[in-house]
Amino acid sequence: MKPLDHLEHLDKHLVDELAQVARETVREELREQTRKQRRKAALYAASGALALYAGAALALAVGLALALGLPDWAAALITAVILGALAYVLRGMARPGPDHASGAAPGGDSARRTAAGATGGMPYPPVPPAPPAEAATPGPVPPRPSEAPDVPHRRA
């Protein structure tokens, strides 16, 4: 029997105790962080709800102001068109891409910059200048569908 064999169970007990303390510390830290995040999320939700009501009140005010000089149905229609246009603009601003809100025409200067890669917002990956190494190895080339003798050619 080795001289330190009787201390082996003490080491195991110490390791278990340290692991338990570490677990409790991490659990308490996570609990504190999630408590802060829950509070922040609740405040954001309340802010969003109040902003929704404020927007509805603003839309009502615009409709009532228009109703002073127009029939009620026309005021409501104009208010709806204004809100729809704002929603469309905001949706366009939220979409990814370099021209999200600039209203540039297709094929303009910004489209040429995008095609040249100046903005980095290309919608597809760049084409490599040379084919991959696997395609460069010679081998049997399968016949094209139009060249295959057994396959009838159909047009859609």
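User: Let's start with Asp16: how does it count by relative accessibility?

Analyst: Asp16 counts as partly exposed, at 44% relative accessibility. On that scale buried is under 20% relative accessible area, exposed is over 50%, and partly exposed lies in between (1.4 Å probe, protein chains only).

User: And what am I looking at, numbering and all?

Analyst: It's a predicted model, where local features need pLDDT of at least 70 and side-chain atom pairs count only at pLDDT 80 or more, while totals for chains, interfaces and linings use all residues. Residues are numbered from 1 along each chain as its sequence is written, and side-chain values use heavy atoms, with hydrogens and water left out.

User: OK, which residue forms a salt bridge with Asp16?

Analyst: Lys12 does, with the closest N and O atoms 3.7 Å apart. A salt bridge here is a side-chain nitrogen of Lys or Arg within 4 Å of a carboxyl oxygen of Asp or Glu. Lys12 is exposed, with a relative accessible area of 56%.

User: Where do Lys12 and Asp16 lie?

Analyst: Both are in helix α1 (residues 8–67), 4 residues apart, about one turn of the helix. Helices are DSSP runs (H or I, at least four residues), numbered from the N terminus, and strands are E runs of at least two.

User: How many salt bridges does the count come to?

Analyst: The count is 3 salt bridges. Arg31 pairs with Glu28, closest N and O atoms 3.2 Å apart; those two are 3 residues apart in helix α1, about one helical turn. Arg31 is partly exposed at 42%, and Glu28 is partly exposed at 39%.

User: And Glu32, which residue is its salt bridge with?

Analyst: Lys36, at 3.6 Å between the closest N and O atoms. They're 4 residues apart in helix α1. Glu32 counts as partly exposed at 33%, whereas Lys36 counts as exposed at 56%.

User: Switching topic: which residues form the nonpolar patch on the surface?

Analyst: Leu58, Val62, Leu70, Ile78, Ile82, Leu83 and Leu86, with about 570 Å² of accessible area together. Both α1 and α2 (72–94) give two or more residues to the patch. Patches take residues with over 30% relative accessible area and no salt bridge, joining like charges within 9 Å and nonpolar side chains (Val, Leu, Ile, Met, Phe, Trp, Tyr) within 5 Å.

User: Which element does the largest share come from?

Analyst: From α2, with 4 residues.

User: And where does Leu70 lie?

Analyst: In the loop between α1 and α2. Leu70 counts as partly exposed, at 34%.

Methods. Accessible areas come from the Shrake-Rupley method with a 1.4 Å probe; for residues, only the protein chains shown count as cover.
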